[in-house]
Amino acid sequence: MSKKGTRKQLAENAIKRAKANVGIDTYDTKTKVPPGGIESNRKELRHNNTYGPLPYFYMDKLVICHDCGAEEVWTARKQQWWYEEAKGNINSEAIYCKECRAQKRQHKENVRDQHLAGLARKNEQAI
Ligand SMILES: [Zn+2]
């Protein structure tokens, strides 16, 4: 099997596993953290400033891209990073695949570069 084929197979297996996680209640503190789950650190979630429930653990989650419809796995580790390290809001979720996120980032950078170039031109004229 080619290297590319193996990688594709791994991605498909990860998606299969993520699909199997649907229905697991990651807010249920009475269950044991299942294999592959990562227990949350409630202290790192305080920035949410909520009396509402916070997740007890993270599980790999299936994301269907809102732009292109591609299926991608949002891993437990990446969720932990997003909510606890990047301090993402607990109600925010990944909604785009990697490729679409990269495209959006690139688009934003292009817009900013154009804006900065415009400002530079303006400043030159002012002098
Ligand atoms: Zn996409």
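Predicted model: local features only at pLDDT ≥ 70, side-chain atom pairs only at ≥ 80, totals over all residues.
Lys87 is found in the loop between helix 2 (76–85) and helix 3, where helices (H or I, at least four residues) and strands (E, at least two) are DSSP runs numbered from the N terminus. Lys87 has a positive phi of about 60° although it is not a glycine. Most residues other than glycine have a negative phi. At 37% relative accessibility, Lys87 counts as partly exposed, because a residue is called buried under 20% relative accessible area, exposed over 50%, and partly exposed in between (1.4 Å probe, protein chains only).

Residues are numbered from 1 along each chain as its sequence is written, and side-chain values use heavy atoms, with hydrogens and water left out.

Asn49 sits in the loop between strand 1 and strand 2 (57–58), and with a relative accessible area of 74% Asn49 is exposed.

Asn21 belongs to another loop, the one between helix 1 (3–20) and strand 1 (38–39). Is Asn21 buried or exposed? Asn21 counts as buried, at 17% relative accessibility. If its neighbours within four places in sequence are left aside, Asn21 is in contact (heavy atoms within 4.5 Å) with Met59 and Asp60. Gln125, by contrast, lies in helix 3 (residues 98–126), and Gln125 is exposed, with a relative accessible area of 66%. Along the sequence, Gln125 and Gln114 are eleven residues apart, and in space their C-alpha atoms are 17 Å apart.

The next topic is the pairing of charged side chains. Side chains of opposite charge can pair when their charged atoms come close. The rule used here calls a pair a salt bridge when a side-chain nitrogen of Lys or Arg lies within 4 Å of a carboxyl oxygen of Asp or Glu, and a search of the whole structure finds eight salt bridges. One of them joins Arg42 to Glu39, with the closest N and O atoms 3.9 Å apart. Arg42 is partly exposed, with a relative accessible area of 34%, and Glu39 also counts as partly exposed, at 45% relative accessibility.

Another salt bridge brings together the side chains of Glu93 and Lys61 (2.8 Å, N to O). This pair links distant parts of the chain, since Glu93 is in the loop between helix 2 and helix 3 while Lys61 is in strand 3 (residues 61–64), 32 residues apart. Glu93 is partly exposed, with a relative accessible area of 46%, and Lys61 is partly exposed as well, with a relative accessible area of 32%.

How is the protein divided into domains? The domain assignment gives domain 1 (3–96) and domain 2 (97–127), and such bounds come from an automatic or database domain assignment. Taken over C-alpha atoms, the centres of domain 1 and domain 2 are separated by 32 Å. The contact between them takes seven residues from domain 1 and five residues from domain 2.

Domain 1 and domain 2 bury about 550 Å² between them, 59% of it on carbon and sulfur atoms; buried area here is the accessible area (1.4 Å probe) that two parts lose on being put together, summed over both. Of the area that domain 1 buries against domain 2, Asp67, Glu72 and Tyr96 supply 74%, more than any other three residues.

Which salt bridge involves Asp67? The side chains of Lys104 and Asp67 meet in a salt bridge (3.0 Å, N to O), and across the interface of domain 1 and domain 2 the rule finds one salt bridge. At 33% relative accessibility Lys104 counts as partly exposed, and Asp67 is partly exposed too, with a relative accessible area of 48%. Lys104 in helix 3 and Asp67 in the loop between strand 3 and strand 4 (71–74) are 37 residues apart, so that the pair links distant parts of the chain.
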